[in-house]
Amino acid sequence: MMASPVHTPGLWQLAWRRLRADRWAMGALAVVLAFLLALLLSASGLIVADWEQEVAISYAPPSWASGAKAPVATAGAVAGGAAADTAAGAAGAALRDNPFDPLAPDIRALRATELPMYGVVDPLADDLARLRAGTDAGAGTGTARLATLPFGADKWGHDVLKKTVKGGETSVVVGLVAALLAVALGTLLGALAGYWGGLVDALLNGLYNIFTAIPSVLMILAVAAVLQQKGVLTIVLILGLTGWTGPYRLIRAEYLKHKGREYVLAADAIGASHWRRMFVHIFPNVSHVALVQLSILVVGFIKAEVVLSFLGFGVPVGVVSWGSMLNEAQNELILGRWWQLTAAALAMALLVTAFSLLTDALRDALDPKVKF
């Protein structure tokens with residue numbers, strides 16, 4: 001009686017077994033999958049589709065930080081109070097104090113004493129009063145606005161929690177797509193250089209040396225300045241066309257090592273074409289390098305998108321990302337509004353940390369020399 005053949009697990013099956021044995025890796029994988037699920041739901045409009053609605057008053061604090069329940073204030077009451085203060089100021093009454101204006105007391109003294117003495121009046125006071133009165137009449141019929149939200153509101157009254165989820169959609173898409181572009185370009189060029197060698201290898205190595213001779217941040221900013229356009233596609237092109245050097249170097253080394261092995265020589269003996277030998281026979285044996293590089297670049301490109309948007313080279317007006325939220329938050333911190341910065345920074349830190357842990361675990365799982 002013949003014994004049944006023994007099934008030998010392949011590279012990916014062994015890697016998955018090793019990955020499942022690592023609790024930190026599985027926790028990081030769960031966090032990454034949760035972010036990806038939120039991205040898909042946000043892109044499809046099933047969640048946070050109303051993130052641009054002005055549901056709260058300007059700079060509404062987080063409810064857990066204020067220690068109070070969320071009272072309701074009508075838009076008419078908020079606008080009416082502001083109009084009343086302004087009308088009173090135009091008439092010479094005391095204005096609401098601005099603690100950040102060192103000249104406020106002097107301006108109030110001038111309005112109360114010297115300006116009426118010399119007959120100096122505001123020529124636009126009556127027109128502004130009529131405009132504010134019309135605004136109040138229209139705002140009185142508007143919807144109610146909350147005074148607090150679970151994670152606060154920005155200056156427009158947008159929910160910071162929904163804005164963070166929507167901003168994650170932009171940042172994660174940029175990181176994933178740009179990393180795919182960079183890895184695909186680096187893998188193709190690395191395979192050509194490592195397999196063919198000679199003049200092809202020399203030319204591609206020269207291009208590689210040019211890109212690596214310039215600091216990556218300066219290269220990214222230079223390409224952004226040349227394109228002179230804002231948008232998600234522009235950021236993807238900037239990061240993808242400047243980030244291929246790492247995958248290129250590793251894939252080239254792997255192809256140099258594998259092209260002379262027995263299985264490649266056997267494929268040559270049976271008449272396999274060069275293209276088939278490169279991407280059907282060799283690439284499956286080096287694909288784990290490309291996968292690890294992909295996960296590493298996703299983390300780096302998410303942070304790069306934040307830096308570009310913070311510097312003004314990122315997403316255009318009307319598109320929210322974690323970088324644009326941090327750009328807005330730098331002005332809010334002066335006024336003590338810290339919740340938008342905290343929400344964007346915590347979301348980015350959680351995703352980047354989870355991706356980094358997953359990358360380290362994946363690198364160990366794909367390395368047969370590492371003992372678990």
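**Stop 1: Asp-201**

Select Asp-201 and show what it touches: leaving out residues up to four places away in sequence, its contacts are Ala-193, Tyr-248 and Arg-252. Keep in mind that this is a predicted model. Now colour helix α8, residues 198-213, and you will find Asp-201 in it. Is Asp-201 buried or exposed? It counts as buried, because its relative accessibility is 11% and the cut-off for buried is under 20%.

**Stop 2: the whole chain**

Zoom out. The protein chain has 15 helices and two strands. It is 372 residues long, and 35% of them count as buried. The chain exposes about 21,000 Å². Carbon and sulfur atoms supply 67% of that area.

**Stop 3: the largest nonpolar core**

Hide the surface again. Select Leu-239, Tyr-255, Phe-301, Ile-302 and Trp-322. The largest nonpolar core has 52 residues, and these five touch the most other members. Which helices each supply at least two residues of this core? Colour them as you go: α2, α7, α9 (216-227), α10 (232-242), α11 (245-258), α13, α14 and α15. Helix α13 gives the most, with 13 residues.

Stay here and centre on Tyr-255. Set aside its neighbours within four places in sequence. Its contacts then include Gly-190, Ala-191, Gly-194 and Tyr-195. Further along the chain, Tyr-255 also meets Met-278, Phe-279, Ile-282, Phe-283 and Val-286.

Now look for a second core. It is separate and has eight residues. Select Ala-15, Leu-19, Ala-25 and Ala-361, which are among them.

**Stop 4: helix α14**

Select residues 322-332, which form helix α14. Which of its residues are buried? Pick out Trp-322, Gly-323, Ser-324, Met-325, Leu-326, Ala-329 and Glu-332. You met Trp-322 at the last stop, among the core residues that touch the most other members. Step along the helix and watch the spacing of the side chains. Residues three or four places apart in an α-helix point the same way, because there are 3.6 residues a turn.

What covers the buried residues of α14? Show α2 (23-43), α7 (160-196), α13 (274-311) and α15 (339-365), which are included in that cover.

**Stop 5: Pro-316**

Move to the loop between α13 and α14 and select Pro-316. Pro-316 is partly exposed, because its relative accessible area is 27%; this class lies between the 20% and 50% cut-offs. Pro-316 touches Lys-230 and Gly-231, not counting residues up to four places away in sequence.

**Stop 6**

What is the phi of Val-48? The angle is near 50°, a positive value in a residue other than glycine. Val-48 counts as buried, because its relative accessibility is 13%.

Now select Tyr-59, which lies in the loop between α2 and α3. Tyr-59 is not a glycine either, and its phi is positive at about 60°. Is Tyr-59 buried or exposed? Tyr-59 is buried, because its relative accessible area of 17% falls under the 20% cut-off.

How values were computed
Residues are numbered from 1 along each chain as its sequence is written. This is a predicted model: local features need pLDDT of at least 70, side-chain atom pairs count only at pLDDT 80 or more; totals for chains, interfaces and linings use all residues. Side-chain values use heavy atoms; hydrogens and water are left out. Buried means under 20% relative accessible area, exposed over 50%, partly exposed in between (1.4 Å probe, protein chains only). Helices (H or I, at least four residues) and strands (E, at least two) are DSSP runs, numbered from the N terminus. Contact means heavy atoms within 4.5 Å. Accessible areas come from the Shrake-Rupley method with a 1.4 Å probe; for residues, only the protein chains shown count as cover. A nonpolar core is a set of buried Ala, Val, Leu, Ile, Met, Phe, Trp, Tyr and Cys residues joined through side-chain atoms within 4.5 Å.
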